[in-house]
Amino acid sequence: MASNVRKVAIVGVGSVGSSCAYSLINQSVCDEIMLIGRTPDKAYAQAMDLSHCMDFIHSRTKIYTGTYEDCGDMDIIILCAGSYPTNSQNRMDVLGTAMEIHSTMISRIMASGFRGIFLAASNPVDLVTYMVWKLSGLPRNQVLGTGTSIDSSRLKTLLSDHLPVDPRSVQGYVLGEHGESQFPAWSHVTIGGKPILEIVKQHPARFGHMDLQEIALQTRNAGWEIFSRKGSTHYGIGNAIAYIVRSILNNDHKIIAVSAILQGEYGQSDLCIGVPAIITRSGIEEILELNLSPAEHEQFNHSCSVIRKAISYIALQPEV
């Protein structure tokens, strides 16, 4: 019988990496998961703990530990290694640490013969994705980040609190940096196919109380609210990672807001930012260029300038 084993490696076995592994196992997304951690004992303990889930789910996933040198035959490598910012920082403030971690890691992974897909979840995710693309030498479609996938989910959840619909019936995307300069593309947010701007205009008595600017702010700050109260965010992003991985391995062609390398799309090149893209077995099949309003174009270009400034800092570092 021909073997078609779907193999995923997770680098970083902290809150995000372990939550991602837990989601992958419970959803039976892949056949094997290899955990790689800075502390081998912790990675082994996480693998052992996760293996004890198997009696209670409908499909077995083999889970074990490994090293960068064991990554050659992996289909996808999920990058979750990094550090948390303090309460006074934003995601960009851990860029230096991210550079130190990934500059050595990626070279060792590529030396193993890995030619699969990198999925970055470490912050600042747009910059980490860009670094991985540059360091790996892989085509841009094979390097993506979680981007604004989790922010788009947060937006839908917040909107469902104001509208009598399930969050999954809300369509729309948060674009830009996974950070302070992100923004919802309100011109493309729909409820059951009807634009939300039109709904608010036509039904002022029911929905006129909705402050879209405040909802955008709550979306942007949702991660920090969770972080300030419990020290990390990991369940939502863990599920977002599993969702993206499933779309890749199943060749689903789902449209997801991810960190993608732009080469001409939206009038931008040589940077990575959150945009909707079709996700398939090859990684990013196609980046969708939304017809943004003039105000949204301005917001997008501002977010690009924030990321481009950080890229200029990366370029000054000799290891990258």
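The legends below describe close-up views of a predicted model. Residues are numbered from 1 along each chain as its sequence is written, local features need pLDDT of at least 70, and side-chain atom pairs count only at pLDDT 80 or more, while totals for chains, interfaces and linings use all residues. Side-chain values use heavy atoms, without hydrogens and water.

**View A. Helix 3 packs against helix 4.** Helices (H or I, at least four residues) and strands (E, at least two) are DSSP runs, numbered from the N terminus. The axes of helix 3 (residues 95-111) and helix 4 (residues 125-136) come within 10 Å and cross at roughly 35°; axes are lines fitted to C-alpha atoms, for helices over the stretch in contact, and angles run from 0 to 180 degrees between N-to-C directions. Contact means heavy atoms within 4.5 Å. Among the residues that meet are Leu95, Met99 and Ile106 in helix 3 and Leu127, Met131 and Leu135 in helix 4.

View B. Strand 10 (residues 190-191) pairs with strand 11 over two bridges, and Ile191 stands opposite Lys194.

View C. The structure holds zero disulfides (pairs of cysteine sulfur atoms within 2.5 Å). Cys80 counts as buried because its relative accessibility is 14%, and Cys272 is buried at 0%; buried means under 20% relative accessible area, exposed over 50%, partly exposed in between (1.4 Å probe, protein chains only).

How values were computed
Pairing = 2+ DSSP bridges.
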